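Q: I have just opened this one and would like to walk through it slowly. Could you help me find my way around?

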Amino acid sequence: MSIRILQENVLDSNLCAGCGACQLVCPEQLIVLHPDTLLPVLDFDPASCGDCHLCHDVCPGADPATDAAEMQLFGRERQSSERWLGIHIDLFGARSTRADVFEASASGGTVTTLLLASRSTGFRVDHVLTMGRNPDAGWRAKGVVSGDEETIIANAQSTYQLAPYLAELRGLYEHCRNDKIAVVGLACHMQAIRKLQQLQGDIADWARENIILLIETACSSSTLPKGTADIVQGCLNLPLDAVSDLRYRSGPYPGKLTVSTKDGGSHALEFWQILKELKGGKNHRCLSCGDWMSGLADISVCDGDPNIFDASINGTAFGKHGRVLVRTPIGQKLADYCRDEGLLEQWPIDLEGFNLGLERKRNRRRSYEAGALPVPKGPSAPDIFDPEQILSDEALIDPKRYKRG
C-alpha cells in the first residue's frame, strides 16, 4: 500500500519536501497537504490505495533520483566538478529589457521574461505555474496557474515560503488535458516532475506530453509558513489577518521584505534581517537538502550578486541581474529567442568564487551528512571538500562578518 511505504520511507524520516507531488498524482485525490506543516494528511483507510504506489514513486523527499533523470536528459551523470551546478551547455548573465518586468523582479526579471516568451508561437505554452500569494491570506504563498501576462509579472519576485505547489497542476490534468505547461520552481519541484515523467500510467503520460518547460531558481532553503508568520507577528508586530500582500525582495536591489496591510499601510525589513528569522520555520528536509539547483530543469537561474546578504547591508556594485545556466536544447532555444528578440540582455560570465547561497547549502549539507539523521539522497558525483572548512549557517550570515568599519 503506497501510503504506508510513503510513511515509512519519507514521512517517518522527516524527509517530506512539501512539494505537493503526492497530492497531484493521487488517483482518488485522497492526499491533501496540511497548510501549515505541508505534510500529507493521511486520515483515510490505507486499503483505499489498493496496489497504487504513485505517491511514493513520484516523491523527491528521500530519493530525488537525480542520476536516473540525468541519464534520461543528458545520457550521462554529472562529474564531481559539476556536483553543485549540474550539467549545462551555456552560461550567461541576463536582465530583462522591459522596464515593468525588471522593476517587478527580485533579480532582473530573467525568469519572468523566459516564462512570458514561452507563450509565443514557437513554444506553445498555454499555462505557467508560478508562486503567488493566497488571496484569502496575503502572507501565505500559493501556487498560481495562469497564462496571463499581468499575473506572471505580478509573481516575478522570489518567494522564500513553501506551499503544496505542484498540487496546483491537478486542475490542468483533469480539465485541460492537451494544454502545454511551463513550471518555475525549486530543486525539489523539478525532481518530482522528472520522476513523474519517467513513470508509467495516464498522469505520467500527460506530464511527459504537456509539461514542456521547466525553469528553476537556486535555493539555499525555504521556510514553512511559520517562518513568514514569525516575521509578520514577531518582527513587525502585525496580526496575520491584517496582511493583504507580502513581497520578500521589493524596492531597490537587493530588496526588502515588504508587507502591505489592508488599511493601506506598508511595513518593511531589510533583507539581511529576515534570513535568521526564517530559519526557525525550516523543516529537516530543506535544511539537509543536497541541491542548490537540481540540474534537471531546462534552465536554472540564480541571483546575479553572489552575496545578497552583504549587498543588503553594504550595497552592491553588481546591479540587478540573474545568472543563467542553460541545460537542454529547449532551454537553449528559448534563451536564444529571448536574446534575438531583444527581450533579454545577455553577457558572458563565470560562476567561480564565493556564492553565499551555494556555500550555505554546501556547508549545511556537509554537516548533516556527518550527523546521524537521515538525509535525502544526492547526486552520485562526490562533493570534494576539507572537513575542517565546514562553517555553521550562523557564521555565514553573521552581520559582523560583512559589516564594514
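Q: Let's start with helix H9, residues 187–197: why is it largely enclosed by the rest of the structure?
A: Keeping in mind that this is a predicted model, helix H9 is described as largely enclosed because eleven of its eleven residues are buried.

Q: OK, and how many cavities of 30 Å³ or more does the structure hold?
A: The structure holds four cavities of 30 Å³ or more, and the largest cavity has about 920 Å³ of space. Of the 50 residues lining that largest cavity, Ser158, Tyr160, Thr217, Ala218 and Arg249 are the closest to its centre.

Q: Which element gives the most to the lining of the largest cavity?
A: That is helix H6, which gives four residues to the lining; other elements that give two or more include strand S4 (127–134), helix H12 (271–279) and helix H16 (356–369). By class, the lining of the largest cavity has 22 nonpolar, 23 polar and five charged residues.

Q: Is H6 itself enclosed or open, and why?
A: Eight of the eight residues of H6 are buried, so this helix is largely enclosed by the rest of the structure. The buried residues of H6 include Thr110, Val111, Leu116 and Ala117.

Q: New topic: what is the order of the strands in the open sheet of three?
A: The order is S8-S9-S10, with antiparallel pairing, and the edge strands are S8 (243–250) and S10 (266–270), each of which pairs on one side only. From one strand to the next, the twist averages 15°.

Q: Over how many bridges do S8 and S9 pair?
A: S8 and strand S9 (residues 256–261) pair over five bridges in the antiparallel sense, and Asp245 stands opposite Ser260 in S9.

Q: And which helix lies across S8, S9 and S10?
A: Helix H11 (residues 225–235) lies across those three strands, running at about 105° to S8. H12 also packs on the sheet, where it touches S8, S9 and S10, and its direction makes about 80° with that of S10.

Methods. Residues numbered from 1 in each chain as written. Predicted model: local features only at pLDDT ≥ 70, side-chain atom pairs only at ≥ 80, totals over all residues. Heavy atoms only, no water. Buried < 20%, exposed > 50% of the residue type's maximum accessible area, 1.4 Å probe, protein only. 1 Å grid on protein atoms, 1.4 Å probe; cavity = no way out; pocket = protein on both sides within 12 Å on 5 of 7 lines; lining within 4 Å. Points joined across faces, edges and corners; volume = space filled by probe spheres on them. Nonpolar A, V, L, I, M, F, W, Y, C, P; charged D, E, K, R; others polar. Pairing = 2+ DSSP bridges. Axes fitted to C-alpha atoms, helices over the stretch in contact; angles between N-to-C directions. Contact = heavy atoms within 4.5 Å.
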